Amino acid sequence: MSRILGPDDIEQGIVALAAAIRGRTAGKAIALVGIRSRGDEVAERLCNRLAEEDRELELGVLDISLYRDDYEHLHENPKLQESDIPFTVDGAHIILVDDVLFTGRTIRAALDALSDYGRPAKVELAVLIDRGHREMPVQPDYVGIHLETSRLDHVLVSLEAADGEDKIEIVEKNPG
Amino acid sequence: MARKDLLDIASLEREEIDLLLDQAVPFKELFTRSVKKVPALKGKSVLMLFYEPSTRTHSSFEVAAKRLSADVTNFDVPHSSVVKGESVRETIETLQAMRTDYIVVRHGRSSLPGMIAGMTKASVINAGDGAHAHPTQALLDAFTLKEVYPEGLEGKKVLIIGDILHSRVARSTSTILKRLDAKVAYLGPGSLVPKSGPENIQRFTDYEEAMKWKPDVVYLLRVQMERQDVQFFPSLREYHKVYGITEERLKRIDGEGLWLMHPGPVNRGVELCDGAMDYSRSLINRQVENGIAVRMAVLYWLKPAGE
C-alpha cells in the first residue's frame, strides 16, 4: 500500500511554510540553513519566496554526515558533501530547514554541527513535512505539511532539482 | 564496497580513488571553521606504529585522527619492547588485545603493513613501507593537483625528479597520476631511475632534455640523507647543480608557469634553492594542509572488521 502526494501538495506546503516564517519574522534578518540532502532544496525554494521582501536574508547548506550517531549503520559509504555557511553564525537568527521531520536525530546532529560554526542568537526549525514519531525532544517551529504515518512507514521525498519531479510517496508497512 | 585496509594505490579501483579525492573536499572545508573538529570517529582509537622516524606524516595522521575525535596512541617504537626483540607478531597481538580500531604503520620493510593487516581486525593504513608504497602521500599529491586543475589531470605532465629507485613516493604518486590519466616522466641519475616499472613513463637523465618534454609540474623528491642516496652522488652541491632547482632554473620554471611540488621536508640548497621556498607556484605548503584532509577522508572511509 502506498499513498502519493504530488507537485501541487508540495507547492502548497512551501507556500504555507513561507507564510508562517514571514508571519513571525517579517522585517528581521534571518538565515535559512538547509540540511543535505533535500533540506537544501526546500531552503532554496523558501529563500526564493522570501527574497522579494525588504530584509536581510542569507542561505546556507549543512551536511551533517560527520555528526550522525548512526552513520555506521546507515550505509557502507556515506557520501559526504561540503557544507556552505557563507555568513557569520555568531549572533545570527537561523532557521534550520529540512524536508522531513521524523525521529529528530538529524536535527540533533544539525544543531551540533551548527554550533561548531559559532553561537547563533536563535535557532528555529522549519520542515516541509512533519510525519511524527519523535525519538528526541525536538519540535518544529514551522511546518508545511502534517502527515499521518505509522512508525514503520517509509516517506520518500522527491524534489524537482534533485530528482526531476516533486513527489511524496508514503509506503505503508503494516507490522505483522 | 568499503575496505578494511589501505596498503597501496595499485589495489584501489578508480572509483575508490575518485571517492576519496571527492570526500577530502568537505574535510578541508572544516579547516576554515573556528572549531576544526567533528565527532565522526568519537570513541574510536588510532594507533601510530612507526618503526621509522617521520615527523610530517606522523603529525599529519595524528592531527587528522584528532580532528575526527578519535583517540590517538603513539606506540613509541624506540622505547618499546621492539628493542627487547619482541617480534612484530607479538606486538600486533598486544595491540589486538587493546582493541584498537585503526593502525597507522610505517616500516622500512616493504609489505610489512600488508602482513600486519592480515593479523588484525583493525584497519591498517600504510604510512610508508620501504620502497613499496605511500598511498596517502599519493592521494594528497593528486588532491593538490586537482585543486589547481579542477577540470581534471588528463594529459597534464608531471616530471618527478630525484632518486626514483628507492622512492615509495615516486612509486605511489606516479601510480595514482597514471590512473588519473596524467603523464609522468622521471628525471634522475641513471643508476637511480629504474629501467623497468610502470609503462608509458618517460625516463630522462638530463635536465635540459626533461624540460623539452614541457612538464606542467615539477615534483622534487627528497634526498634521503639518512638513507642510501648520498653514496650515489659525488656531493650534495653536485646534486643541486645537476638535478636541483637552482636560482637560474627557478627563473625559467617561473617564466613557464610550472607548479612546484615536494613531499617535504625540503633539504634547502639540495633539492631546492632558497628562492624556491617563496616561489608563487609552489604547492608545498598546500600539500601539507591537504595531507590532513586526505587522511581524514581515508580514516572516515575505512571500516575495521567486525563492526
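Predicted model: local features only at pLDDT ≥ 70, side-chain atom pairs only at ≥ 80, totals over all residues.
## A walk through chains A and B

A:Arg38 sits in the loop between strand 2 and helix 2 of chain A. A:Arg38 is not a glycine, yet its phi is positive, at about 85°. Most residues other than glycine have a negative phi, and most peptide bonds are trans. Is A:Arg38 buried or exposed? A:Arg38 has 20 C-beta neighbours inside 10 Å, so it counts as buried.

The loop holds another feature. A:Ser37 also belongs to the loop between strand 2 (30-35) and helix 2 (39-50) of chain A. The peptide bond that runs from A:Arg36 to A:Ser37 is cis. Its omega is near -20°.

B:Pro265 is placed in the loop between strand 9 (259-261) and helix 10 of chain B.

Chain B also has a residue with positive phi. B:Lys214 is not a glycine, and its phi is about 60°. Look for B:Lys214 in the loop between helix 7 (207-212) and strand 8 (217-220) of chain B. B:Lys214 has 10 C-beta neighbours inside 10 Å and therefore counts as exposed.

Now step back to the chains. How many residues of chain A are in contact with chain B? The number is 13, and they meet 15 residues of chain B. On the chain A side, five of the residues are charged, four are polar and four are nonpolar.

Chain B itself is assigned two domains. Domain 1 covers 14-134 + 289-301, and domain 2 covers 135-284. Over C-alpha atoms, the centres of these two domains of chain B are 26 Å apart. Contact between them involves 21 residues of domain 1 and 20 residues of domain 2. Which elements of domain 1 give two or more residues to the side that touches domain 2 of chain B? They are helix 1 (14-30), strand 4 (123-129) and helix 10 (284-301) of chain B. That side of domain 1 is made up of 10 nonpolar, seven polar and four charged residues.

The crossing of helix 5 and helix 10 of chain B is right-handed. From helix 5, the contact draws on residues including B:Leu139, B:Leu140 and B:Phe143. From helix 10, the residues include B:Asn290, B:Val294 and B:Val298. Sorted by class, this helix contact has five nonpolar, five polar and three charged residues.

The core has 132 residues. Those that touch the most other members are A:Val33, A:Val97, B:Leu68, B:Ile103, B:Val104, B:Ile160 and B:Ala297. Which element gives the most to this core? Helix 10 of chain B does, with nine residues. Domain 1 and domain 2 of chain B both contribute residues, so the core lies between them.

Neighbours within four places in sequence aside, B:Ala297 is in contact with B:Leu20, B:Gln23, B:Ala24 and B:Phe27.

Key. Residues numbered from 1 in each chain as written. Chains lettered and ligands numbered in written order. Domains from an automatic or database assignment. Contact = placed C-beta atoms within 7 Å. Helix = DSSP H or I, 4+ residues; strand = E, 2+ residues; numbered from the N terminus. Nonpolar A, V, L, I, M, F, W, Y, C, P; charged D, E, K, R; others polar. Left-handed = near helix turned anticlockwise from the far one by under 90°. Core = buried A, V, L, I, M, F, W, Y, C linked by C-beta atoms within 7 Å. Buried ≥ 20, exposed ≤ 12 C-beta atoms within 10 Å, placed from the backbone.
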